[in-house]
Structure formats: structure tokens, C-alpha cells
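Biologist: I am new to this structure. Please take me through its aromatic rings.

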Amino acid sequence: MGAALRGLARPYSAAQPMASSSWVPGFGVPGMDVSGYQPSIDWSAEAAKGAKFAYVKASEGIDIKSKYFSSQYTGSRNVGMVRGAYHFAWPGVTSASAQADFFVNNGGQWSADGWTLPPLLDVEYNPYGEFGNSCYNLSTGQMVSWIRAFSDRILARTGRLPMIYTTSDWWKTCTGDNASFGANGLHIAAYNTWGPEPLPAGWSGYKMWQYSDQGPFAGDSNVWNGSLSALKLFATKSDVAGTTGAVSTIAVGDINGDGRNDAVSVTDGGQLLFHAGSGNGKFASGVGIGTGWNVYTKIIGSRDVNGDGRSDLLALRADGSMWFYAGTGVVGSGSSGLEAGRVIGSSTWAQYTSVVAAGDVNSDGKNDLIATKLDGTLWLIPGLGTVNGAGVAFGTPSRIGSSGWDSFIKISGGVDLNSDGVPDVLATRLDGTLWFYAGTGQRAPSLNVYATAEKIGTSGWNQFHDVLAAGDLNGDGKPDVVGVRPDGVMYFYAGTGMRDHGYSAGQQIGGSGWNSFKQVLSAGDLDSDGVPDLLAIDHDGSLWQYPGNRSGGYKPRIAVGSSWNAYMTVIGAGDLNGDSKPDLLAIRPDGTLWFYSGTGRVSANSSGYAPALKIGTYWNSYKDVVAVGDMNGDGKADLMATRGDGSLWFYAGVGSVSSASNGFAPAKNLVVQNWGAADKLIGSKDFDSDGRNDILTVDGAGALWFRAGTGSFASGTGLRGPAKIGGSGWTAYDTVLGVGDTNLDGKNDLVGINNNGSLWFYMGTGMKIAPFLAGVNLGVLR
């Protein structure tokens with residue numbers, strides 16, 4: 001290692017014979033270290049010679065970055081090597097903290113993935129005359145302080161103590177043979193054929209021995225002092241006391257059956273801790289539910305694998321075997337929440353570089369996995385929804401990503417982040433960027449199971465030991481994200497459904513008096529000028545048109561009718577009879593339903609409607625009847641209605657109205673519970689710009705909720721789960737209307753009538769991409 005031709009670590013003793021270019025130790029795991037002096041490495045050939053790990057030079061001082069780092073770091077990983085980054089130190093030339101930060105920011109990160117070695121500090125004799133003597137003009141005490149400060153900063157930034165690369169001679173000369181660094185792994189250089197002993201003070205053994213700079217491998221040749229499984233386990237172990245340790249923090253769904261999403265973590269000692277979700281974005285302190293879990297290199301929060309409705313766990317060992325732990329749904333009172341583990345896969349899982357819970361990717365009602373391979377491909381491993389007697393839980397893998405997935409250091413999935421009903425993926429790159437892959441709903445085998453990646457985080461996500469797509473943690477209906485730093489500090493990122501709330505800040509567009517009307521309704525484009533209008537009904541029965549002014553407001557009103565106080569409610573129903581003009585429906589107190597066909601002409605002498613036609617009875621059985629536009633994708637205007645018992649009903653429009661046909665197919669009970677809790681039901685048209693109409697509700701507490709339409713009522717409710725898009729402030733409005741695109745910007749808007757009688761305009765945004773709210777520091781997860 002080193003920075004210049006003279007910067008390679010010096011031999012243990014100048015008098016010792018060098019190891020030959022073909023000699024290798026007869027123990028341990030072979031490996032190598034490289035820098036810019038090896039610009040073109042045939043990594044496949046090095047792997048064929050037996051190399052299983054590699055350290056790659058990333059940086060030097062505070063301003064030198066190896067231009068070959070990325071290709072070497074990726075190249076070694078692509079042939080199955082465990083790899084890490086090293087920094088050539090200039091002790092005392094600049095501060096230790098500054099050099100540690102430069103190193104971490106330029107490749108010296110660490111991830112508990114079993115493939116990333118801890119950062120390595122290369123301290124050796126000074127090769128540069130301008131930096132002073134062999135020890136950089138530092139006293140032994142100053143050198144020890146500098147190394148300690150560098151080590152502490154790396155630990156704080158990455159969760160790992162750096163390995164220290166040195167020689168026994170340098171350590172004795174420049175640190176006075178200081179014995180206080182025994183917790184740091186030792187990478188000792190000694191070019192001979194019998195071993196590196198005696199070791200520097202403080203170390204009773206070494207992790208790696210660099211025994212040759214003449215081969216057999218490119219760069220310098222090394223050996224890991226142990227087994228391959230021990231090497232991979234070493235690559236997973238955090239050095240932060242009291243934090244999650246070997247296999248980190250895992251989002252696991254609802255383990256204890258209380259309806260809230262939970263997490264588990266594993267300590268360095270192998271204890272499995274259960275962290276109950278609190279429902280407010282936090283997790284409770286860990287409760288021990290198992291021991292011996294440090295035998296696993298990866299824990300996967302797989303949700304329900306065996307089809308019993310309870311969340312399960314999967315675990316991978318270094319030998320490539322997969323273990324299944326069935327959830328019981330109960331934690332506490334002597335129950336760990338998990339049944340005994342059983343093997344469900346042999347060494348075949350070793351072919352994958354990462355395995356991630358993916359949710360129901362192929363829409364068959366069973367939870368799947370996704371996995372990456374060395375060549376950067378992505379694979380779908382379909383769940384079978386059961387674990388049979390032979391221990392088979394997953395079907396035949398299929399390739400769903402062609403390349404590039406090896407560029408990510410963390411991948412998390414299994415939840416529907418953008419609220420479209422299909423699970424998505426988050427991925428973090430070494431440079432700290434965060435990427436979003438939207439699930440498309442296409443079935444495997446297909447290379448389009450996920451849409452093209454969108455960068456949704458520009459920097460800083462590499463500070464986290466774990467990035468978890470954790471599901472809805474705060475009860476707002478939108479999946480959230482949690483980042484856990486190496487020091488155990490957890491950041492909560494409230495989900496947005498990957499979109500903003502769908503509207504801009506309210507603007508007052510009308511003074512007092514709007515609450516004096518018996519009813520105000522959205523009526524569509526009554527006068528055929530291309531702009532949606534409002535209708536208002538006075539208590540004396542007068543009907544008024546407020547024409548849209550093309551900028552989100554309304555022109556002075558026009559009297560268009562009388563005697564409309566005969567109706568209990570009037571509904572701007574859209575085009576019910578297929579003539580491309582908006583119509584009205586009206587319900588009398590006796591429950592009769594009346595149809596008014598729109599004419600498209602409004603004036604002082606024309607109300608804009610043909611004479612009323614009675615088309616139905618018993619409509620007073622509904623608490624609320626709302627025009628929702630074309631909800632089922634057949635091009636015809638539909639209705640939804642709620643009853644006092646909380647049921648929700650759907651009326652599909654048929655496109656024609658007559659005395660023999662009320663314009664709707666028979667009502668369908670959508671079997672959606674608790675609609676009685678909705679104080680207001682609002683037909684918002686296509687509020688999220690996905691081409692399907694949606695609805696909004698305001699609950700009794702004044703919160704605004706969004707329910708995305710699916711475009712189909714063939715099965716299910718035609719609606720996705722509720723997502724909260726507004727706080728309690730909506731209690732200020734007596735009426736909230738979905739008014740269509742009143743400012744002609746292509747987005748559907750809202751209008752509200754305040755309790756004080758003023759009229760407010762909320763410009764629609766189409767729910768543009770807005771990934772998460774700002775992270776909130778929730779303290780250390782323990």
C-alpha cells in the first residue's frame with residue numbers, strides 16, 4: 001500500500017528474504033490490495049488464482065482521490081470478492097478528522113452487507129521529504145493522538161473502527177509501540193514466508209497479513225487469518241456499543257398483531273430485539289426475544305411467507321442457507337413472536353449478493369423476494385404462499401433487471417411508496433444518492449417490473465447503516481422511511497405517497513356571504529366556454545350561476561332559475577346522457593330523484609337545463625350522494641353514495657337517461673367500512689394525474705384524506721387505501737368542492753366555503769413528485 005513508489009509498506013525487516021511470486025501461506029483466505037499503480041486489473045483472473053478479498057485505495061491526505069477506485073472497488077465485487085477501501089495517511093500534515101471525513105466522503109463508507117470490509121488506515125513511513133522525517137515530524141505521543149482521532153472519527157461516521165495497516169518496525173518507531181489500539185483490527189505487513197510475528201504492542205493476533213508485493217496477486221498479496229465464513233461475518237459486525245450490531249435493524253411489518261408496523265434488531269452478542277411500533281413514527285425500546293442470531297449475515301423482514309396472515313422472518317447464513325421463522329402474532333407473556341427456525345434453502349442462496357423482501361410483486365397475493373447477483377442483474381424469487389413439508393417456500397427465480405443493480409450499497413422494498421397499489425424499491429448508492437424504482441405491476445419474467453429509476457435524494461443517504469422502507473409508522477396511510485446511523489440514531493422520514501398533497505396554499509377569492517346559500521355545488525362547464533362553473537341555491541329557491549373566470553375565480557353571478565328549494569340536495573352530475581353537456585340530479589325530501597339535462601346555454605332567459613324528468617325513488621335513504629365522474633374507466637359519469645350505517649355504494653353510469661332508465665346500473669355495495677366517519681365526501685376528479693378519477697373525504701376531526709381510484713370495480717372497492725393529505729384545518733370549511741380545472745393548468749382544483757362565509761381556492765398540483773418530509777431525529781434506537 002502507499003502513495004508513491006517508496007510508499008509501499010516496508011518489509012518486517014530489511015534483512016528478511018522476500019516471499020516468492022508464487023508462494024502463498026498454507027492457511028487462511030487469500031486476498032490482495034491495489035491502488036493506482038495497478039490501473040488495469042483482470043479481476044476474473046485474480047479470482048481464478050484464489051483471491052477472495054481486496055482492499056482498494058480510495059484517498060490520500062485531504063485532496064487526493066484515486067481515479068481508479070470506483071472501477072477497482074466494483075470490479076473486485078463483481079467477481080465475488082469481499083472488498084474494502086483504504087486511506088493513505090499524512091499524520092500531522094492536516095487534522096485527523098479532516099482526513100477521515102475526506103476518506104469517508106470518497107469511498108471509505110461501510111455497510112453491514114457481508115461484502116464490505118471496514119475502512120482501513122494505512123500508516124507507514126513518510127515517503128515525502130516535504131512532510132518532514134519518517135514519522136512526519138510528530139512525537140510518539142502526537143502520532144498516537146492523531147491515529148486515535150482518525151479512528152474515533154471513522155467510528156462515528158461509519159460504525160466501524162478502522163483496521164490499521166502498518167509494520168511492527170514503524171509502529172515501534174513512530175508510536176513508541178503504543179498498546180492502546182487492540183480493538184482495531186491489525187493488517188500487518190511483513191514480506192517473508194514464515195509469518196509477521198512479533199506483532200506490535202497491543203495486538204495478540206492479526207486479521208490480515210501482507211506477505212508479498214511480488215505476487216502471486218496484482219498489487220500486494222495478503223491472507224486473512226481465518227475462514228471465509230469468518231471473513232464475511234467480520235464484514236458485518238458493527239463496532240458501536242449498544243446498537244444493532246451484526247445484522248442491523250430490520251423493518252418486519254406487524255409482528256405482535258396490534259396493527260402497527262414493528263422492527264427487530266440484532267446486537268453484537270447475537271440477541272434478537274423486538275421494537276414495537278408506537279403508531280407515531282417511533283419504535284419502543286428493544287425487548288429480547290431470541291439469542292444466537294449472530295450466526296446470520298442477513299435478516300429479512302419478509303412479511304407473511306406461509307399464508308397464515310402473520311408476519312414472518314427469513315435469515316441467511318454465510319454458507320448460503322436460508323432459514324424460516326414463522327410469526328405467531330404474539331410477543332410477550334413468554335412468547336418470542338416466532339416459532340423455531342427451519343431450513344428452507346440450501347447453499348443456492350449464496351449466488352445472490354443481496355436478498356430483499358419485495359412484497360407482492362407479481363400480484364398473486366403472495367409475498368416475493370428480489371435479489372441481486374454479482375453481474376448486477378436483478379431477480380424475482382416468487383413466494384408460494386406456503387412452506388411445504390420439504391421446506392420449499394419460493395418458486396423459480398426469473399431475471400427482471402439486466403444490469404446496474406450492483407451500483408447500490410443498500411436496497412429496501414416491500415411497500416407501496418407511491419400509493420398506486422404496487423410495491424416499490426428504494427436503493428442507495430455509495431455517493432449518498434437515493435433512488436426510487438416504482439413497481440409497474442407487470443408480471444415476471446419482464447425487464448419492466450420496475451420503472452426507470454428516479455433520483456429522489458441528492459446526498460447524505462450513505463450516512464445511514466440501514467435505510468428501511470418501513471410501511472406506515474405514523475398512521476396517516478402513507479408508507480414511511482427510516483434511516484438508522486451507525487451510532488444507532490434513527491431518523492424518521494414521513495411518507496407523502498411519493499407526491500405532494502395535491503394542492504397549493506389556499507387563496508381567498510370571495511368575500512363574505514357564501515355561507516348564506518342553501519347549497520353551493522360544482523356544476524361543470526354550463527355555458528360551454530371551456531371553464532367549469534359554480535351553481536348556488538338561495539333559501540328562497542333562486543338558482544345562480546357563477547361562471548369561471550379562467551384563473552381560479554368566478555365572474556359576477558347570473559340568475560338562472562327559481563323554486564330550487566324544493567330539493568333536499570342538488571348534484572352536478574356531469575354528462576349522464578352522452579350529449580357532452582353537464583347535467584344535474586336533484587333529490588326531493590320524499591326521496592324522488594329528478595334529472596335535468598344540460599343544454600350548454602345559459603342566459604337570463606335560459607337556466608341551462610331542460611325540464612325535469614323523474615327517474616328514481618328512495619334516494620333519501622342516503623346520507624350523501626356525490627358525482628365522481630368516470631370512476632370505472634368506461635367513459636360514463638358515475639355516482640357514489642353513503643348511508644347512515646357507514647356503507648359506501650357505487651352507481652355506474654350507463655350513458656343514457658329516460659323515463660325507463662335512471663342512467664345507472666344497479667347499485668353496488670363497495671363493502672368499505674366506516675364511511676359513516678367521513679363528514680364530507682368529495683368527488684375530486686383525477687386528483688393525482690394518473691388518468692383515473694379519485695375521491696377525497698374530510699373526517700370529523702377536520703383532516704383531509706385522499707383515496708386513489710383504481711379505474712376498475714370488477715373486484716374490490718375501486719379505491720386504494722386512504723392517505724392523509726391535510727390536517728385538522730379543514731374544519732374551517734362548511735363546504736369543500738372538487739371543481740375541476742378552473743385555472744386551465746391541466747390540474748383539478750378545490751374550492752372551500754369558510755365558516756365565516758368567505759370563498760377559498762386551492763390550486764391543484766396533480767400531486768407532483770415529493771418523496772418524503774424532512775427527516776426527524778428520534779434519538780438512539782435501543
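This is a predicted model: local features need pLDDT of at least 70, side-chain atom pairs count only at pLDDT 80 or more; totals for chains, interfaces and linings use all residues.

Biologist: How many aromatic pairs does a search of the whole structure find?

Modeller: The search finds 46. Rings of Phe, Tyr and Trp (its six-membered ring) pair if their centres lie within 6.5 Å; planes under 30 degrees apart are stacked, over 60 edge-to-face, the rest tilted.

Biologist: Why is the pair Phe408 and Tyr437 called edge-to-face?

Modeller: The centres are 6.0 Å apart and the planes stand at 85°, so the pair is edge-to-face. Phe408 lies in strand β22 and Tyr437 in strand β24, 29 residues apart. Strands are DSSP runs of E, at least two residues, numbered from the N terminus.

Biologist: What makes Phe408 count as buried?

Modeller: Buried means under 20% relative accessible area (1.4 Å probe, protein chains only). Phe408 has 9%, so Phe408 is buried. Tyr437 has 12%, so Tyr437 counts as buried.

Biologist: What makes the pair of Trp619 and Tyr622 tilted?

Modeller: The angle between the planes is 50°, with 5.6 Å centre to centre. Both Trp619 and Tyr622 are buried.

Biologist: Which charged end sits over the ring of Phe234?

Modeller: That of Arg160, 4.9 Å from the ring centre. The rule asks for NZ of Lys or CZ of Arg within 6 Å of the ring centre and within 35 degrees of the ring normal. Arg160 also lies over the face of Trp110, at 5.0 Å.

Conventions: Residues are numbered from 1 along each chain as its sequence is written. Side-chain values use heavy atoms; hydrogens and water are left out. Helices (H or I, at least four residues) and strands (E, at least two) are DSSP runs, numbered from the N terminus. Buried means under 20% relative accessible area, exposed over 50%, partly exposed in between (1.4 Å probe, protein chains only).
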